[in-house]
Amino acid sequence: MKKKILEIKDLYVEYITEDGIVHAVNGLNLELEKGQTLGLVGETGAGKTTTVLSIMKLLPEQIGRITKGTILLDGNNITDLRETEMQKLRGNAVSMIFQDPMTSLNPVLSVGDQIAEVLELHQAELGKKRIDERVDEILDMVGLQKERKVEYPHQFSGGMKQRIVIAMALACEPKLLLADEPTTALDVTIQAQVLEMMNRLKDTFSTSMMLITHDLGVVAQTCDSVAIMYAGRVIEQGTLKDIYTAGRHHPYTIGLFNSIPDLTKDTKRLSPIKGLMPDPINLPNGCAFHPRCPECLDVCRYEMPEESCYGTHKIRCHLYK
Ligand code: SF4
């Protein structure tokens, strides 16, 4: 059995706001095997970003908090680590790539200095000369000329900026890379190049990756396993084959696939999922998807479905009791 790099057990995360308590993550269970890529899929507001911010312990101070559950990174419980201990892990054992490269880079520092900063923080023993060489090597790996390390973020295109952010995230060869919609801000051609590069570097460094996206095409190209999130819970998960070719699925997953254009069919109109994601301050009783579900049963309105397992394929729905 392969070792797990990440195990999240029964995680609950909430935000305290003026309007009430936002229940962002509600009993999340996730596992990621070493060397694999897990795609975390769902609509805006499903709790995907909150999940990765919880792993990084970067929830907004004062308002965001983990109320229950455990997060194990490479077998070590990091749920209650102090900030000083997390600072040693961030960028070193676990790194994150944020959605927008523009806001991830410091506009007044050269890109070389920003990559060097990560190495100075976690691998100071290398010394200045070796860190300098390492910056050149890393820039080369992400397809940028080392001579450009003295330039500033505004001198690079969007795709190049995202390559620099990826270079910073992988500088210390982390065990786990959390990528939060890393290609959303890029056009399709650059998106394909960046994804190909991320995959290659992940294999080079034997890094495991959690990729957050709402693009099922990106998941199909990049991931080994998939978890579909809805209202802070995983409602279906399995291998790529389970999610893309199995005969049974959660009605929400079916809705997601029906929302994608099929190039082999002459479709006049797509079939979006009706309704909106529920208000996380006031989640519905029973299955949170029931107000939008075309298959809704009476029991769905008051009883939370348990997870049914079919080998590696897990579905949380009353239809599969
Ligand atoms: Fe639909 Fe009921 Fe399944 Fe929820 S549990 S997805 S409401 S059938």
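Pro278 has its place in the loop between H10 and S11, where helices (H or I, at least four residues) and strands (E, at least two) are DSSP runs, numbered from the N terminus. The model is a predicted one, in which local features need pLDDT of at least 70, side-chain atom pairs count only at pLDDT 80 or more, and totals for chains, interfaces and linings use all residues. Residues are numbered from 1 along each chain as its sequence is written, and side-chain values use heavy atoms, with hydrogens and water left out.

With a relative accessible area of 14%, Pro278 is buried; buried means under 20% relative accessible area, exposed over 50%, and partly exposed in between, with a 1.4 Å probe and protein chains only. Once its neighbours within four places in sequence are left aside, Pro278 is in contact (heavy atoms within 4.5 Å) with Tyr230, Ala231, Leu283, Pro284 and Ala288. His290 stands 12 residues from Pro278 along the chain, and the C-alpha atoms of the two are separated by 9.9 Å.

A pair of aromatic rings is described by the distance of the centres and the angle of the planes. Rings of Phe, Tyr and Trp (its six-membered ring) pair if their centres lie within 6.5 Å, and planes under 30 degrees apart count as stacked, over 60 as edge-to-face and the rest as tilted. By this rule the count comes to four aromatic pairs. One of them joins Tyr244 and Phe257, whose ring centres are 5.3 Å apart and whose planes stand at 85°, so this pair is edge-to-face. The pair links distant parts of the chain, with Tyr244 in helix H9 (residues 240-245) and Phe257 in helix H10 (residues 251-258), 13 residues apart. Tyr244 counts as partly exposed at 28% relative accessibility, and Phe257 is likewise partly exposed, with a relative accessible area of 25%.

The rings of Tyr252 and Phe289 also have their centres 5.3 Å apart, and because their planes are at 70° the pair is edge-to-face. Tyr252 lies in helix H10, whereas Phe289 lies in the loop between H10 and strand S11 (307-310), so the pair ties together parts that are 37 residues apart in sequence. Tyr252 is buried, with a relative accessible area of 0%, and Phe289 counts as buried at 2%. A ring can also meet a charge: the charged end of Arg248 sits over the ring of Tyr310, 3.8 Å from its centre, where sitting over a ring asks for NZ of Lys or CZ of Arg within 6 Å of the ring centre and within 35 degrees of the ring normal.

Turning to the helices, helix H4 (residues 111-122) and helix H6 (residues 158-170) pack at an angle of about 20°, with their axes 8 Å apart; axes are lines fitted to C-alpha atoms, for helices over the stretch in contact, and angles run from 0 to 180 degrees between N-to-C directions. H4 and H6 are therefore roughly parallel to each other, as angles under 35 degrees count as roughly parallel, over 145 as roughly antiparallel, 65 to 115 as roughly perpendicular and the rest as oblique. Val111, Gln114, Ile115 and Val118 in H4 meet Ile164, Ala167 and Met168 in H6. H6 also packs against helix H7 (residues 188-204), at an angle of about 15° and with the axes 10 Å apart. That makes H6 roughly parallel to H7. The contact involves residues including Gly159, Gln162 and Arg163 of H6, and Ile190, Gln193 and Val194 of H7.

Leu72 is found in strand S4 (residues 64-73) and is buried, with a relative accessible area of 15%. Leu72 and Ile8 are 64 residues apart in sequence, yet their C-alpha atoms are 6.4 Å apart in space. Beyond its neighbours within four places in sequence, Leu72 is in contact with Ile5, Leu6, Glu7, Lys9 and Asn77.

Asp10, in strand S1 (residues 4-17), has a positive phi of about 45° although it is not a glycine, and Asp10 is partly exposed, with a relative accessible area of 29%. Glu181, in the loop between strand S7 (176-180) and H7, has a phi near 45°, a positive value in a residue other than glycine, and at 8% relative accessibility Glu181 counts as buried.
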